[in-house]
Amino acid sequence: MDEEELTRSMRKMHLIIWVLALLSPVVLSQRTCQNYDDLFLNLNKYDPEFDSISYVTEKIRVDTTFIRELIRFKVFDKDYEQQNINNISLFTMSTNNSLFRIQADLQQNNFYLSLNGNLSYNIDSTHRYVVEMTACDQGVPKRCGKALVFVPLLNYNMNPPSFTEPTILLAAITFRPGHLIGILNSWDLDGDLVSFSMDPSTSPDIQQTIRIEQAYNC
């Protein structure tokens, strides 16, 4: 190989080394970013989980407006466990009903569900509240877990039945046996069935003449 060819080969080699030198930081940067992305995406893999809770064992009287602790529970997060973190203040807690609130007991490192408000016995046909609790962590990306708590209600008779029109005015006409005199509608705010009867002080003549027939309109 003559001197001229050797010079050309050396120039090519220098050019290749120079190009590789320029590209190597780009490759290293891409790998570093990829590693950071993998670490970033793998920071929070798991949703928070509630321990085994589903039902408030004792029925709550419908006239109750405040109970500090309906049920007590814990929330777990595998991501925090892998980092040996056990701090309930890292969770954001909420419910789907403003009557029920989740409070944190930092000393016991758990949560409890409380009642603060007026209950309705006829909330549904099963006479119970279904409280959906949500726990969200502070990881990236944020993940949330959910649990349902059933709060059964005990009916308590607080209200007397009411009539829509407690008085019926009748014209002075002759009634035939079996003739309908009037209709009285009644309801009960507690959700109880209503039965009708004639006041015992009513004279025997009227009690023998007028009969009350009951019909339910559901």
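These are my notebook entries on a single chain, looked up in a predicted model.

**Entry 1: the chain as a whole**

I began with the overall make-up. The chain has 218 residues, and 23% of them are buried. I found 3 helices and 11 strands. Going along the sequence, I wrote the pattern down as α-β-β-β-β-α-β-β-β-β-β-β-β-α. I then looked up the surface, and the accessible area of the chain is about 16,400 Å². Carbon and sulfur atoms account for 54% of that area. For contacts I took residues at least 6 apart in sequence, and 61% of these contacts join residues at least 24 apart.

**Entry 2: a sheet of four strands**

In which order do the strands of the open sheet stand? I read it as S2-S9-S8-S5, and the pairing is mixed. Strand S2 (60-61) and strand S5 (92-95) are at the edges. Each of these two has a single partner strand, so one side of each has no neighbour in the sheet. My reminder to myself is that strands of a sheet pair through backbone hydrogen bonds, parallel or antiparallel. I checked S5 against strand S8, which covers residues 128-136. The two run antiparallel and are joined by 4 bridges. I also followed one residue across, and Thr95 has Met133 in S8 as its bridge partner.

**Entry 3: the disulfide**

How many disulfides does the structure hold? I counted 1. Cys136 and Cys144 form this link, with 2.0 Å between their sulfur atoms. The angle about the S-S bond is 105°, and the link is right-handed. Next I asked of Cys136: buried or exposed? Cys136 has a relative accessibility of 12%, so I list Cys136 as buried, the cut-off being under 20%. Cys144 has a relative accessible area of 31% and goes down as partly exposed. Cys136 falls within the range of S8, residues 128-136, and Cys144 within that of strand S9 (144-154).

**Entry 4: a cis peptide bond**

I stayed with the loop between S8 and S9, where Pro141 is placed. The peptide bond from Val140 to Pro141 is cis, and I noted an omega near -5°. I marked this bond because most peptide bonds are trans.

**Entry 5: two asparagines with positive phi**

Most residues other than glycine have a negative phi, so I looked for exceptions. Asn84 is one of them, with phi near 60°. I located Asn84 in the loop between helix H2 (78-82) and S5. The relative accessible area of Asn84 is 71%, and I therefore count Asn84 as exposed, the cut-off being over 50%. Asn109 also has a positive phi, about 60°, and is not a glycine. Asn109 lies in the loop between strand S6 (100-105) and strand S7 (110-116).

**Entry 6: a nonpolar patch**

Which residues form the nonpolar patch on the surface? I noted Ile181, Ile206 and Ile210. Together they have about 220 Å² of accessible area. Ile181 has a relative accessibility of 35%, which means I list Ile181 as partly exposed.

Technical notes. Residues numbered from 1 in each chain as written. Predicted model: local features only at pLDDT ≥ 70, side-chain atom pairs only at ≥ 80, totals over all residues. Heavy atoms only, no water. Patch = residues over 30% accessible without salt bridge, like charges linked within 9 Å, V, L, I, M, F, W, Y side chains within 5 Å. Areas by Shrake-Rupley, 256 points an atom, 1.4 Å probe, with all protein chains shown as cover. Salt bridge = Lys/Arg side-chain N within 4 Å of Asp/Glu carboxyl O. Buried < 20%, exposed > 50% of the residue type's maximum accessible area, 1.4 Å probe, protein only. Disulfide = S-S within 2.5 Å. Pairing = 2+ DSSP bridges. Contact = heavy atoms within 4.5 Å.
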